[in-house]
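Visitor: Before we look at the model together, could you show me where its labels come from, setting each value against the rule that gives it its name?

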Amino acid sequence: MKNSVDIRTLLNVYEKVKTQGKSVENGKQLEDIICSESYDGYSVSLTDGNVSVDVNFHNTYHFHTLNEDPDTVINQTTTEFHNNNETQIQRFMDKLNELNNRY
């Protein structure tokens, strides 16, 4: 998954949400994507409430899913947990790509 993420797309979507979105409590929102930035401007975040991605200085990034602890998921193996997270992240990236193409 990591190699298939285009930092430019993440930053383009961030800019579009920031400039065309409406103000909400945690930042700006365009459709169901919310963007925010750190107080110093060195990192930005995009989220849909289930998955978020932090883009940091030097174009590094980290995905977070709603439930990141496999020990708290009942009746799910660690492999299943990671596969589900990958699926969530891929759906999130699909949303970001669609948003990027529409605006």
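**Setting values against definitions**

Visitor: Which residue in strand 6 is the bridge partner of Val 55?

Guide: The bridge partner of Val 55 in strand 6 is Tyr 61. Please bear in mind that this is a predicted model, in which local features need pLDDT of at least 70 and side-chain atom pairs count only at pLDDT 80 or more, while totals for chains, interfaces and linings use all residues. Residues are numbered from 1 along each chain as its sequence is written, and side-chain values use heavy atoms, with hydrogens and water left out.

Visitor: What makes strand 5 and strand 6 a pair, and how many bridges join them?

Guide: Strand 5 (residues 51–56) and strand 6 run antiparallel and are joined by six bridges; because two strands pair if DSSP finds at least two bridges between them, the pair qualifies. The strands themselves, like the helices, are DSSP runs numbered from the N terminus (E, at least two residues, for a strand; H or I, at least four, for a helix). Four bridges join strand 4 to strand 5, again antiparallel, with Val 44 standing opposite Val 55, and four bridges also join strand 3 to strand 4, where Val 44 is the bridge partner of Glu 37.

Visitor: Why is the sheet called open, and which are the edge strands?

Guide: Six strands form an open sheet in the order 1-2-3-4-5-6, with antiparallel pairing. The edge strands are strand 1 (22–24) and strand 6 (60–65), each of which pairs on one side only.

Visitor: How do you know that helix 1 packs on the sheet?

Guide: Helix 1 (residues 7–20) touches strand 1, strand 2 (27–30), strand 3 (33–37), strand 4 (44–47), strand 5 and strand 6, where contact means heavy atoms within 4.5 Å. The direction of helix 1 makes about 95° with that of strand 3, on axes fitted to C-alpha atoms (for helices over the stretch in contact), with angles running from 0 to 180 degrees between N-to-C directions.

Visitor: How do you know that the span of helix 1 agrees with expectation?

Guide: The expected span is 1.5 Å times one less than the number of residues; for the 14 residues of helix 1 this gives 20 Å, and the end C-alpha atoms are 20 Å apart, so the two agree.

Visitor: Why does Thr 9 count as buried?

Guide: Thr 9 has 10% relative accessibility, so this residue counts as buried, since buried means under 20% relative accessible area, exposed over 50% and partly exposed in between (1.4 Å probe, protein chains only). Beyond its neighbours within four places in sequence, Thr 9 is in contact with Asn 97 and Asn 100.

Visitor: Why is the aromatic pair of Tyr 42 and Phe 57 called edge-to-face?

Guide: A search of the whole structure finds two aromatic pairs. In the pair of Tyr 42 and Phe 57, the ring centres are 4.9 Å apart, with 85° between the planes. Rings of Phe, Tyr and Trp (its six-membered ring) pair if their centres lie within 6.5 Å, and planes under 30 degrees apart count as stacked, over 60 as edge-to-face and the rest as tilted, so this pair is edge-to-face. Tyr 42 is partly exposed, with a relative accessible area of 48%, and Phe 57 is likewise partly exposed at 48%.
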